[in-house]
Amino acid sequence: MVQEKRGFSLSGYLVFVVLIALHLVFFAMMATGPQYGGVIGNVLTALCWPGFFMVQPNQAKVLTLFGSYVGSVRNTGLRWTIPLFAKRTISLRIRNFESAKIKVNDNLGNPIEIATIVVWSVTDSAEAVFEVDDYESYVSIQSEAALRNMASSYAYDPQDENEVALRSHPQAIADKLKQEIQERLGRAGVTVLEARISHLAYAQEIASAMLQRQQATAIIAARAKIVEGAVGMVEMALERLKAQNVVELDEERKAVMVSNLLVVLCGDKSTQPVVNTGSLY
């Protein structure tokens, strides 16, 4: 495995001054002395000029000599190195990658649509250049492969309270997705800074049925809360009637009162009261 190491380079401004000074010296030699010495010196000095290159902030220059990796330069500004070195620019800036919406079956076999946003950057320029053919294409393909593998390992909705699911635990899913992608991209000198689900939905062919199931689940949960609250209110009403000696009710009347109160409290429509103008019994 090829890992990044520091390549040889000098300050371009210093070398520029030195080369200009050498040219002046060799031109003076040509004018005052043997011309062949000045000509050779000027030719050799001129061969040094291709060694200049620029390094922008958050960039690296990968240097190779006849196919052999000799190092990377991250020092910004004007630099100079041996002219025989081939130089390739690699961006170290943070980038975003948004995958396409892919269709995959979740852990329960339900078809879902899912997409992700991956924030990444190159941290090892040598691995990015020499370990993979095209590191940008590698990032996109491996990110989608990791997303597909992760999505098939979890259910869309939790089946119990402690189960981690795609929809109910976004942070846990994001951490797992980041780990999966990093394991695949680490060999390419890429570090994943963040990975999050950008789109999550049931596939169109089952979306309507799953929506009805979610609505039914929500209605059942709401009804359970209503019934629980209604039973507590009825119990409180009977206890207070008994404690304050408002009225004495036998078991039959209690059953009628409980029935009427539950109808009023649990009904989803407004009730129509019936006023009793006669006696209680």
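Modeller: A strand here is a DSSP run of E with at least two residues, numbered from the N terminus. Asn58 sits in the loop between strand S2 (52-55) and S3. Keep in mind that this model is predicted.

Biologist: What is the phi of Asn58?

Modeller: Phi of Asn58 is near 60°. That is a positive value in a residue other than glycine.

Biologist: Why is Phe66 called exposed?

Modeller: Exposed means over 50% relative accessible area. Phe66 has 73%, so it is exposed.

Biologist: What makes a group of residues a nonpolar core?

Modeller: The residues must be buried, of nonpolar kinds such as Val or Trp, and joined through side-chain atoms within 4.5 Å. The largest such core here has 36 residues. Trp120, Val122 and Ile181 have the most contacts inside it.

Biologist: Which element gives the most to this core?

Modeller: H4, with seven residues. Other elements supply at least two residues each, including strand S9 (111-122) and helix H5 (170-185).

Biologist: What does Val122 touch?

Modeller: Leaving out residues up to four places away in sequence, Val122 touches Ile90, Ser91, Leu92, Ala128, Tyr135, Gly189 and Val190.

Biologist: Which residues make the nonpolar surface patch?

Modeller: Tyr36, Val39, Ile40, Val43, Leu44 and Leu47 make a patch of about 610 Å². Among them, Ile40 lies in helix H2 (residues 35-46).

Notes. Residues numbered from 1 in each chain as written. Predicted model: local features only at pLDDT ≥ 70, side-chain atom pairs only at ≥ 80, totals over all residues. Heavy atoms only, no water. Buried < 20%, exposed > 50% of the residue type's maximum accessible area, 1.4 Å probe, protein only. Helix = DSSP H or I, 4+ residues; strand = E, 2+ residues; numbered from the N terminus. Contact = heavy atoms within 4.5 Å. Patch = residues over 30% accessible without salt bridge, like charges linked within 9 Å, V, L, I, M, F, W, Y side chains within 5 Å. Areas by Shrake-Rupley, 256 points an atom, 1.4 Å probe, with all protein chains shown as cover. Salt bridge = Lys/Arg side-chain N within 4 Å of Asp/Glu carboxyl O.
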